[in-house]
Amino acid sequence: MCGIPKGFSATHVTLLTQPHRVTIPNQNWLPIRNQKTGREEEQKLQFNFTVCISNLFGDYNNVLQFAQTLEMYRLLGVDRVVIYNTSCGPELDRLLQSYSQEGFVEMVPWPIHRYLNPSKGWLFSQSGGDVHYFGQLTTLNECIYRSMERSRYVLLNDIDEIIMPYKHNNLMSLMDMLQKQQPNTGVFLIENHIFPKHHFEPSRRFHLPQWSDVPGVNILEHIYKEDPDRSIYHPYKMIVQPRLVEQTSVHEVIKNFGELFKVPMDVCRIIHVRESLRGSLKFEQRREDKRLWDFKEKLIPNVDKVLKRAGLLGSEGRS
């Protein structure tokens, strides 16, 4: 609302109850922090990558997929995972407490159901409620601002999604390449690819006995993906530079300072193990994708370690 003279950059902001033409003594001025910083300042940031997970609710208890996803992100170079927790199942709560004590996960209590009637689905006409999807938009924007002074990049995606580089073995190598090619870009859009959880890899080589009593989906068993239907709206998730984002939605930013770039699917795409979106596809119309298996030698023992630490492994895992 305040016009800034051309050639000047604002550094601080203050709030007034009415217009004033003179300076008010003892007025509080807040520094503007969501601005692109220089390379030297970026190197001082605490984290390179933060994943923002909005809204665990409905006693969510997909423990195995949760552990596999977090350990996959750790292998890719993620430093911190921020999770907004309304409710989760008892086994997942034990795992979250273990991750929190370690410092890899930052739990943000989100008891919005105590104060409002949140919708339990994303479509208002079906779910109604006082606030959309347990306040998902609020949590995503809060996480961007929470991360603005401490993380170089923020990944905005759901807990059952992995933003996976296909030509690099970690996220930093991917982003160094993308930033070099797209120096003015602050928002990188990543295409979503569904791996239906009812189609299993036939040899069942990763149907591991120590995970048999752990609730949830084993993502290593699902290697068949369905190509997106590009004749309809196809959602993306995002990797953003938080200081170049002013406001975000779930699948795209609303206000930002830099450019947007859709990352080619052969460079990076989302591995999303869930219910099929294209149930009419025949099995032979799905494509095989074993990218997760490239990390199996480190991923499996790391998952065993965190499950054991939380007391969630069966007898095979303890021996």
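This is a predicted model: local features need pLDDT of at least 70, side-chain atom pairs count only at pLDDT 80 or more; totals for chains, interfaces and linings use all residues.

Mentor: Let us begin with a term: Ala, Val, Leu, Ile, Met, Phe, Trp, Tyr, Cys and Pro count as nonpolar, Asp, Glu, Lys and Arg as charged, and the others, Gly among them, as polar. By these classes, the second largest cavity is lined by 3 nonpolar, 3 polar and 2 charged residues.

The space inside comes to about 40 Å³.

Arg291 leads us on to the rings. Its charged end sits over the ring of Tyr166, 5.8 Å from the centre. Arg269 likewise lies over the face of Tyr166, at 3.8 Å from the ring centre.

Rings may also meet one another. A pair of aromatic rings is described by the distance of the centres and the angle of the planes. The structure holds 7 aromatic pairs. One of them joins Phe49 and Tyr153, which are stacked, at 5.3 Å centre to centre with 20° between the planes. Phe49 belongs to strand E3 (residues 47-56) and Tyr153 to strand E6 (residues 151-156), so the pair links distant parts of the chain, 104 residues apart. Phe49 has a relative accessible area of 1% and is therefore buried, since buried means under 20%. Tyr153, with a relative accessible area of 3%, is buried too.

A second example is edge-to-face because the planes of Phe188 and Phe261 stand at 80°, with the ring centres 6.5 Å apart. This pair also links distant parts of the chain: Phe188 is in strand E8 (residues 185-196) and Phe261 in strand E13 (residues 259-262), 73 residues apart. Phe188 counts as buried at 1% relative accessibility. Phe261 counts as buried as well, at 18%.

Finally, Phe57, Tyr133 and Phe134 are linked into a cluster by ring pairs.

Technical notes: Residues are numbered from 1 along each chain as its sequence is written. Side-chain values use heavy atoms; hydrogens and water are left out. Rings of Phe, Tyr and Trp (its six-membered ring) pair if their centres lie within 6.5 Å; planes under 30 degrees apart count as stacked, over 60 as edge-to-face and the rest as tilted. Helices (H or I, at least four residues) and strands (E, at least two) are DSSP runs, numbered from the N terminus. Buried means under 20% relative accessible area, exposed over 50%, partly exposed in between (1.4 Å probe, protein chains only). A charge sits over a ring if NZ of Lys or CZ of Arg is within 6 Å of the ring centre and within 35 degrees of the ring normal. On a 1 Å grid over the protein atoms alone, a cavity is a set of points where a 1.4 Å probe fits but cannot get out, and a pocket is an open set with protein on both sides within 12 Å along at least five of seven lines; lining residues have an atom within 4 Å of a point. Grid points are joined across faces, edges and corners, and a volume is the space filled by probe spheres set on the points.
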